[in-house]
Amino acid sequence: MSEALALNLLLFLPVIGGVLLLALPERRADLVRGLAMVVLLAQLALAAWLYLRFQAGVPGLQFETRLPWIPAWGVHYHIALDGLNLLLVLLTAFLGPIVVAGAFTSITKDVKLFHGMVMFIQFTMLGTFLAQDLFLFYVFWEAMLIPMFLMIGIWGGERRIYATLKFFLYTAFGSILMLAAIIYLAHTVLSADGTPSFAFADLYELGLGVQVQTLLLAAFALSFAIKVPMVPLHTWLPDAHVEAPTAGSVILAGVLLKMGTYGFLKLGFPLFPDAALLATPLIMTLAVISIIYGAGLALVQDDIKKIIAYSSVSHLGYVMLGLVTYNLLGVQGAIIQMVSHGLVAGGLFLMVGMIYERCHSRDLADYGGLAKLLPAYSVFFMILTLAAIGLPTTSGFTGEFLVLLGAFHSAWPQFEQGVSYPLVLASLAVLGIVLGALYMLRLARRLLFGEARAPVAGLRDLSLREMGILGVLVLAVFYIGLFPNDFLQKTEQAAMEYQERILAARDGEVER
Amino acid sequence: MNGLLTLLVLLPLAGFLVNGLLGRRLGPVFVNVVGVGLPLAAFGVAVWAWRILEAGGGEPLIETVFTWALVGEHVFEVSFYLDRLSAVMALIVTGVGALIHIYSIGYMKGDESYARYFAYLNLFLFFMLLLVLGRSLLVLFVGWEGVGLASYLLIGFWFQDVDKARAGRKAFITNRVGDAGFLLGMFLIFTAVGTLEMDQINEAFAGGLIPVGIATAAGILLFIGATGKSAQIPLHVWLPDAMAGPTPVSALIHAATMVTAGVYLVARMSGVYLEAPAASTLIAVIGLLTAFLAATIALVQTDIKKVLAYSTISQLGFMFLALGVGAYAVAVFHLFTHAFFKAALFLGAGSVIHALNGEQDIRRMGGLSRRIPWTSGTFLVATAAIAGLPPLAGFFSKDEILWFALASGQGGAFWLWLLGSVTAFLTALYMFRLYWLVFLGRSRMAPEVAEHVHESPWPMTSVLVVLAVFSVIAGWFALPQYLAPLLPAPDLRFDWPILHWALIVFAVLVAVAGLVAAGVLYGNGGRRAEAIERRFARLYRVLAGKYYVDEIYERLLQRPWLWISDRVFLRLGDRILLDGSLHGLAALARRGAEVLARVQTGSLHWYAWMTLLGLVAVLIWMWRYV
Amino acid sequence: MDDTTFLLALSGMLFALGLVGVIVRRNLLVMLMFLELMLNGVILSLVVFTQMLGAEAGAVLVFLVFVVAAAEIAIAVPILLLLVRTGRTLDPGAYAGLKG
């Protein structure tokens with residue numbers, strides 16, 4: 001089987017799975033779950049195979065498929081892997097089976113529809129990552145909203161309507177501005193040489209004026225920044241997380257948030273390098289504010305899910321910081337941090353879901369001393385907590401270390417030239433690791449330590465299924481913490497191209 | 001032999017994994033075999049590696065294990081490095097570590113989380129070995145944070161007690177503050193030198209190509225990391241609370257090994273500090289101040305472990321004083337001797353606590369020397385050693401420190417020596433006070449406790465004896481000379497042997513004075529001490545309150561941060577500004593829609609009128625503009 | 001005043017008459033008739049313009065509008081009948097509640 005074909009299969013497997021699901025009777029929930037599991041496992045296998053086949057150090061796209069879709073507008077169905085999306089595709093495929101396995105007992109309402117939605121989300125997320133054509137990207141980007149909206153709206157908690165509306169309005173608002181920018185871009189490419197094109201590769205070569213770039217970047221950035229989310233556009237996230245079912249939270253934290261950072265990495269900054277350089281101080285500041293603000297908010301929450309939701313704001317601040325260092329260390333660190341956060345936050349949300357299933361409470365005040373009651377649960381929770389803190393040997397450390405090192409590395413030469421704000425921001429970001437420990441250890445202490453108590457007596461510890469899910473996640477966390485080099489090698493070329501694209505603009509600036 | 005260092009590091013890790021995963025099911029005997037056997041094996045391997053090192057004439061052994069990350073031209077390797085400095089450290093860590101593991105068999109007997117305890121202890125050894133054997137700052141940092149984790153887990157070992165869990169968290173957070181400084185220092189060095197391999201960093205700085213400013217900044221930042229791990233002012237607050245952990249843990253982690261990591265770091269990075277006199281001075285001053293202030297606090301503590309904890313902080317201060325005046329090898333020498341006598345003291349304290357069934361307050365002890373003779377005897381030896389009585393271990397190392405504090409050409413000064421000597425006097429005083437209150441005089445124990453006093457089982461006493469023996473002889477190893485090729489002694493401002501001898505005599509007199517003062521104050525039922533206490537009640541309260549540093553931190557850092565998070569970020573930022581404006585917009589839209597909806601009355605005539613009006617407006621507009 | 005102008009003025013007057021009728025009368029049936037008057041005014045203008053420009057498409061359009069108008073009446077009158085059957089009055093004010 002050729003790799004390009006496999007990539008298409010990878011993308012469309014969830015669609016096939018969804019159609020097959022339709023054929024199953026509603027009452028046979030076990031069959032539905034089994035089928036979904038098989039399909040997503042097959043997808044994971046494909047993704048892993050493609051990851052192994054992916055050539056490190058080869059410039060440009062790999063395993064490309066490019067078919068005309070709307071020839072009159074120059075729209076193509078164009079998907080491919082490159083270093084930037086490779087790990088995220090792998091992460092998406094990895095979390096798919098975990099989401100389904102995690103929902104084995106928690107979802108009992110509309111089982112078929114639920115798994116259909118999971119398939120739908122899987123399809124749109126992979127599509128967004130794989131798309132190499134702006135039109136296609138936008139279609140997937142928007143389509144992603146629908147299943148997520150339904151998932152929170154149907155299987156969510158009490159205030160789900162408020163949460164879904166907020167989530168939808170925020171993201172839709174960003175998308176509309178992005179659409180306007182895309183129309184403008186398409187229009188410009190048309191008038192430039194007569195052959196319309198939405199291909200990323202063509203758009204990279206556009207060479208727009210700085211002012212136009214700034215406006216367009218602002219439109220794109222708003223959409224991406226809402227998705228990340230960066231302070232001050234983050235308030236939809238805690239609400240969405242709190243109301244979403246566990247599976248929704250895992251998908252949201254695990255993959256969906258990375259759409260924003262991936263958007264910056266793949267589109268926002270490289271498409272408009274001059275504007276990106278101009279906006280760097282702003283974005284860097286907002287990134288550091290996100291780190292600190294998120295950490296502060298996580299400290300004063302009593303809802304376990306909100307704590308983790310705000311920790312996401314903080315952790316994705318590191319990603320954004322890494323992206324605007326424009327050096328290899330920072331960018332590579334940002335990519336690793338994205339994957340790491342997907343695993344760790346996804347895992348933590350799964351664990352919150354597991355305890356919620358048993359006790360029906362997310363209030364910290366109800367808990368204490370779970371380490372006594374649920375030893376296995378506590379071990380896993382502790383490991384994920386430490387990974388969130390960024391303790392060495394876990395994936396969190398790899399990401400944060402490289403990001404911070406990159407930030408410092410790019411800040412110091414500027415400091416020597418008399419520009420001190422990047423150094424101050426980088427130092428503040430380093431202090432963020434203290435704040436991170438503060439709220440995560442508070443969570444661990446209140447939940448796991450102290451007098452043993454829980455809202456419900458007679459808790460049972462993790463089942464084999466749950467241990468299997470968490471075990472796989474924890475292994476991945478340690479693997480990235482201990483042996484990140486394989487990942488780094490595969491992404492290095494793309495990170496280098498990203499860096500060069502933006503630095504070329506800076507050099508151009510100097511010449512002008 | 002290749003792979004030896006890797007084996008050394010991996011042995012305790014294997015112990016952690018086996019005991020952590022299977023220990024509960026396999027029973028205490030199995031846990032003992034794994035949990036104690038592997039550290040002993042590690043000690044054997046460490047000795048072996050040390051002999052290979054010596055056979056090679058001190059040429060460092062380097063083992064590259066794997067490439068952690070390769071980013072552009074930057075290589076981050078996991079590799080181990082054994083020279084005489086790391087060999088000494090590895091021997092202390094595995095040697096004292098193994099002894100304390102043996103002791104723990106007796107101390108932790110019957111604890112329901114026996115396997116977990118040994119798993120954590122092995123995990124600590126693993127990270128500590130990473131720390132001392134790592135070749136690059138990165139590996140060192142991994143170990144550095146790892147021992148912090150082990151410390152966190154062990155302080156909060158009895159996690160049902162909220163205070164203990166909280167003490168663990170405090171230790172972790174305080175250390176993290178230091179770690180942030182460490183990270184920044186590491187980044188700065190990486191940016192300046194382009195590598196994290198410590199031998200290459202030292203060479204680069206020694207080459208004189210790096211500006212003094214960078215060396216100073218890097219030195220201070222790394223030292224901030226060291227103040228966290230080694231409990232120096234201003235980050236010393238966690239160590240006394242860390243005594244919440246099991247006593248062998250206090251001995252191993254919070255006295256003998258982990259807290260000395262900061263000393264090791266500075267000694268290891270001596271190349272940087274030699275280029276940064278300002279940073280060195282800072283270290284000397286902070287170290288001395290810490291030594292002095294901690295000693296004053298130790299004078300009035302009533303918890304046996306807290307006295308020892310402040311004593312540890314004080315002794316670490318002495319080590320930093322030595323580092324600050326360029327006497328790196330001497331600092332390591334004191335680290336070496338301190339490891340033995342402080343471990344002996346802590347384990348002795350553990351034995352006392354064990355004998356008294358958990359009692360830690362020295363006001364409810366006394367007269368124990370006849371009831372638990374082995375403990376008492378070894379405790380006395382260790383006390384004499386820390387007080388600096390010749391020819392015990394502490395005498396040699398402390399004397400060297402004081403000598404260099406005065407005579408070093410790299411920042412030695414009279415006042416450093418003077419305050420150091422005062423602190424040495426205080427050390428003798430508070431240690432003999434402790435001995436007096438615990439072992440001599442009349443018994444102040446509760447009768448039901450006094451009935452059950454018993455000497456500890458042999459795994460505990462035998463370890464005490466071994467450590468006591470080392471507390472005697474450890475000073476006889478000429479460690480500074482052994483390390484001299486690596487860490488040469490600083491130039492002297494004046495090389496007068498007579499002065500040196502005079503100082504030695506003076507130091508002995510100071511120690512004896514401390515002993516006598518303790519005898520005078522606390523002999524005879526401690527009435528004189530109480531009189532002094534009443535006379536200086538206010539000073540006493542300040543000391544007993546530990547200078548109120550904890551309270552100040554809470555007021556200045558903890559509460560404001562919580563206040564900002566709660567009031568500014570959550571209430572003002574998220575609720576009022578962000579969600580508020582969002583809800584405001586939503587409300588505006590709804591209000592507007594309500595107003596517009598009024599137009600729709602349902603009356604056909606009204607509609608017709610509106611149509612007419614619209615028509616007229618369009619016509620006027622067309623007439624005006626088209 | 002030539003024919004075209006006269007016819008256009010007539011169509012305008014028809015339309016205005018219809019509009020006034022719709023506005024002032026309070027009988028649904030009469031209003032419907034005035035509505036037809038307005039429509040006829042518009043159609044008249046359409047015919048005039050078609051004549052002026054000589055465009056055949058206009059003539060087709062006129063027939064189309066006739067058909068639509070017929071269809072409209074065919075639907076409107078039954079609705080009206082149903083309304084009257086329930087409301088027993090032809091006053092549109094009585095049906096304001098229909099706005100929803």
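**Figure 1. The contact between chain B and chain C in the predicted model**. Nine residues of chain B are in contact with nine residues of chain C, two residues being in contact if their C-beta atoms, placed from the backbone, lie within 7 Å. On the side of chain B that touches chain C, four residues are nonpolar, five are polar and none is charged. Here Ala, Val, Leu, Ile, Met, Phe, Trp, Tyr, Cys and Pro count as nonpolar, Asp, Glu, Lys and Arg as charged, and the others, Gly among them, as polar. This is a predicted model, in which local features need pLDDT of at least 70 and side-chain atom pairs count only at pLDDT 80 or more, while totals for chains, interfaces and linings use all residues. Residues are numbered from 1 along each chain as its sequence is written, and chains are lettered from A and ligands numbered from 1 in the order in which they are written.

**Figure 2. The contact between chain A and chain B**. Of the two pairs of chains that touch, chains A and B have the most contacts. Chain B contributes 39 residues and chain A contributes 40 residues. Four elements of chain B, namely β1 (61–71), α5 (137–155), α6 (162–193) and α25 (549–597), each supply at least two residues of the side that touches chain A. Helices (H or I, at least four residues) and strands (E, at least two) are DSSP runs, numbered from the N terminus. The largest share of this side, 14 residues, belongs to α6(B). By class, the side of chain B that touches chain A holds 24 nonpolar, eight polar and seven charged residues. Chain A and chain C are joined by no contact, and their closest C-alpha atoms are 25 Å apart.

**Figure 3. The packing of helix α1 against helix α4 in chain A**. Helix α1 (residues 3–23) and helix α4 (residues 111–130) of chain A pack at an angle of about 165°, with their axes 8 Å apart. Axes are lines fitted to C-alpha atoms, for helices over the stretch in contact, and angles run from 0 to 180 degrees between N-to-C directions. The angle therefore makes α1(A) roughly antiparallel to α4(A), a term for angles over 145 degrees. Residues of α1(A), including Leu10(A), Pro14(A) and Leu21(A), meet residues of α4(A), including Met119(A), Phe123(A) and Leu126(A). This contact of α1(A) with α4(A) comprises ten nonpolar residues, six polar and one charged.

**Figure 4. The fold of chain B**. Chain B contains 26 helices and two strands. Its C-alpha atoms fill a box of roughly 115 × 65 × 55 Å, taken along the principal axes.

Definitions and conventions. Angles under 35 degrees count as roughly parallel, over 145 as roughly antiparallel, 65 to 115 as roughly perpendicular and the rest as oblique.
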